[in-house]
Amino acid sequence: MAKPTIHHHEYDVVIVGAGGAGMRAAIETGPHTKTAVISKLFPTRSHTGAAQGGMAAALANVEEDSWEWHTFDTVKGGDYLVDQDAAEILAKESVQAVIDLENMGLPFNRTPDGKIDQRRFGGHTRDHGKAPVRRSCYAADRTGHMILQTLYQNCVKLGIEFYNEFYVLDLVMNDGKPAAVVAYELATGDLHVFAGKSIIFATGGFGKIFKTTSNAHTLTGDGVGIIWRKGLPLEDMEFYQFHPTGLAGLGILLSEAARGEGAILRNSTGERFMERYAPTIKDLAPRDMVARAMANEVREGRGAGPNKDYVLLDLTHLPPEVIDAKLPDITEFARTYLGVEPYTEPVPVFPTAHYAMGGIPTNIKAEVLSNNKTVVPGLYAAGECACVSVHGANRLGTNSLLDINVFGKRAGIYAVEYAKKAKHVPVPKDAVDETVALLEHMRNAKGTEKVAVLRKELQDTMDLNAQVYRTEESLDEALAKIAELRKRYEHVQVQDKGMRFNTDLLEAVELGFLLDLAEVLVATAKERRESRGGHFREDYPTRNDEKFMVHSMAYKNGSKIKIDWKPVTITNYQPMERKY
Amino acid sequence: MSDVKVIDEIPTYQVTLFVRRFNQEDGLEARWEDFDVTVHGTDRVLDALHKIKWEQDGSLTFRRSCAHGVCGSDAMRINGRNRLACKTLIKDLDMTKPIYVEPIKGLTVEKDLVVDMNPFYEAYRAVKPFLIASDKPEKERIQSPEDRERFEDTTKCILCAACTSSCPVFWTDGQYFGPAAIVNAHRFIFDSRDEGAEVRLDILNDKEGVWRCRTTFNCTEACPRGIEVTKAIAEVKQAILRGKP
């Protein structure tokens with residue numbers, strides 16, 4: 001077996017990931033410091049492009065609004081687990097973030113007088129919950145696509161250097177500081193060491209731990225997994241968002257914008273069941289509440305379809321021209337994948353694994369933390385892979401496209417500031433050894449286990465045991481299954497032994513990250529013996545502020561997971577019961 | 001994913017896929033290989049390719065990511081037509097016959113269904129695909145809904161290369177900018193906020209520019225986003241003749 005060729009590069013700032021957060025950071029760093037963006041995909045393939053509904057900002061272009069209301073909604077939507085200093089920044093800087101994008105060329109939908117148009121979205125309200133407010137800036141139902149394209153266009157304009165189809169597999173640390181990342185070049189099988197003074201992780205989520213998910217095949221949590229393997233903590237991993245309206249059976253996302261534009265959820269009797277669960281804002285309640293309500297309707301026998309296992313999203317009362325103008329993509333998904341005509345038929349939907357609220361702990365400068373307080377100098381994280389925490393226990397729709405822009409930009413600004421005064425941390429001689437060992441082990445393993453089989457068993461157990469409803473028993477079952485899968489993973493077989501474009505090998509590596517992150521998620525979910533936001537324990541069905549008004553912090557301790565807690569930052573809003 | 005029941009009982013089918021294989025590491029010529037796969041009514045060609053990769057031959061190589069037609073990774077030639085594998089339902093193809101899957105044409109094959117996309121991206125970057133504006137507004141620029149609508153269609157491009165690699169002119173020598181680059185130029189030429197139309201029109205007035213388009217409509221038929229590509233190219237041609245958008 002030929003040993004891989006190893007290349008060395010030196011940059012001031014190394015950004016891992018070319019989705020919204022990574023490219024937004026690059027736009028800040030590129031003009032000031034020598035920057036490399038390393039991405040497992042060509043940038044415009046990133047999953048930011050799949051985001052649909054919009055980006056929240058209190059522009060007040062169409063009705064009265066304020067950043068303070070937005071902050072409150074974010075805190076309440078996150079079931080008070082949000083760090084309020086971070087939420088204030090998110091809401092305050094949202095207006096400039098939208099203006100930045102417009103100025104870069106983003107084609108937002110417009111009001112009749114030519115300003116950026118805004119629409120309603122779940123959990124975003126006027127004056128602390130009085131009524132839904134129009135806060136989401138949007139471009140039809142392809143806002144994420146437009147953001148991703150606009151950011152890439154501006155990276156092209158600035159001449160940002162990209163390394164596309166390079167898989168970062170390791171972070172090289174030296175004396176507690178980041179020195180470099182090690183990347184695998186898909187086209188050749190070569191390894192590349194990218195030394196950087198500042199290193200930004202913007203690697204997105206890990207929805208592929210679940211079976212039914214809106215996430216791309218490539219969202220395997222590599223970045224979060226690398227941080228975990230380095231012994232750095234992960235925060236709030238038990239909080240995973242299940243988006244209410246995935247196409248039934250497929251998980252493909254149908255934006256909340258549908259409900260923002262007036263679509264209604266109905267059960268098999270035709271009842272608008274959200275009136276019972278959230279009397280004031282009904283179908284525009286936050287996602288965790290809607291997802292649970294849907295699952296409950298199905299459990300209690302009011303599901304639709306031959307197996308009574310989904311509910312219906314009804315758009316039939318909306319004028320076809322409104323659907324065409326504002327929701328063109330998602331209605332096409334319904335037609336293409338389910339053969340349903342949304343003009344005239346309700347669309348079968350069910351919750352789909354969508355977004356990780358937790359991830360790599362950071363402060364408001366996007367600096368990564370090695371415990372509750374200590375900063376890892378030179379290491380940054382932004383976007384879904386990070387946990388600031390602006391989303392707390394449940395993210396509001398349109399706050400993630402905002403998050404990547406606000407904290408992507410901040411990561412860029414502070415990474416430049418650091419890189420300008422810091423020196424490169426020496427890259428140890430054995431920097432690539434672990435990666436070489438990992439790849440060679442995988443490539444040469446003569447095992448009998450198939451990656452796809454193990455992955456499917458993992459996804460099945462996660463859907464069954466760690467989804468919308470959880471119990472101690474179900475989580476124990478998931479942990480036992482993950483332990484079994486870990487053993488079998490040691491005997492995994494890779495058929496493709498080649499060096500060029502070996503996606504077979506990389507799927508095996510990705511499965512390792514999925515197993516790690518699934519285990520952390522389940523282990524923390526087990527310790528959080530309460531229900532809050534997206535984490536619902538049937539055996540502890542209420543929120544327990546006395547014991548659990550804290551973030552979880554999971555640490556890798558050999559092959560064990562150690563769980564600690566971190567206080568929530570509260571500025572203005574004391575926890576209250578969450579009613580809509 | 002595909003074994004969940006949706007709407008009605010989902011029928012199961014046996015299909016045969018002929019996949020174009022090539023890997024310079026194995027020293028063999030490019031060739032067709034056939035695979036028998038069991039698929040369900042909601043399965044797409046991408047699902048069938050995954051079944052082959054995951055159950056039969058792990059070395060089968062193709063790009064994919066979002067799996068619902070928005071990331072543009074998996075453009076390929078399916079039964080002779082450029083399509084996204086994740087948007088092509090198998091039940092919509094003629095299942096009595098084998099399904100032929102091969103890489104898109106006009107770009108060098110790297111391995112199996114993976115082609116070298118760099119010439120495609122270079123053509124895209126060459127048309128200055130970014131807003132060129134000298135003003136520095138404090139707030140958003142004002143743009144009427146009508147002006148916004150003027151370039152709506154071409155904002156939908158996902159750079160999948162289905163159009164460019166379906167174009168007979170592009171196949172001949174690969175020098176032509178190709179439909180996707182022109183679509184992305186159109187997106188800015190007709191944006192009322194942009195001031196770079198003149199530069200882009202000049203670039204596309206080149207001998208490898210819009211005039212090589214012979215209006216065969218292959219690109220429009222191939223576009224998985226429903227962009228009227230040929231119309232966009234015609235509008236750019238007219239703008240060049242007028243000297244302005």
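Trainee: Hi! Which residue does A:Glu102 form a salt bridge with?

Mentor: A:Glu102 pairs with B:Arg141, and their closest N and O atoms are 3.8 Å apart. A salt bridge here is a side-chain nitrogen of Lys or Arg within 4 Å of a carboxyl oxygen of Asp or Glu. This is a predicted model, where local features need pLDDT of at least 70, side-chain atom pairs count only at pLDDT 80 or more, and totals for chains, interfaces and linings use all residues. Residues are numbered from 1 along each chain as its sequence is written, chains are lettered from A and ligands numbered from 1 in the order written, and side-chain values use heavy atoms, without hydrogens or water.

Trainee: How many salt bridges cross the interface of chain B and chain A?

Mentor: The rule finds 9 there.

Trainee: New topic: is helix α6 of chain A mostly covered or uncovered?

Mentor: Mostly covered: 7 of the 8 residues in 222-229 are buried, meaning under 20% relative accessible area (1.4 Å probe, protein chains only). A helix is a DSSP run (H or I) of at least four residues, numbered from the N terminus.

Trainee: Which ones are buried?

Mentor: Among them are A:Asp222, A:Val224, A:Ile227 and A:Trp228. Just after α6(A), A:Gly231 takes a positive phi of about 90°.

Terms used: Buried < 20%, exposed > 50% of the residue type's maximum accessible area, 1.4 Å probe, protein only. Helix = DSSP H or I, 4+ residues; strand = E, 2+ residues; numbered from the N terminus.
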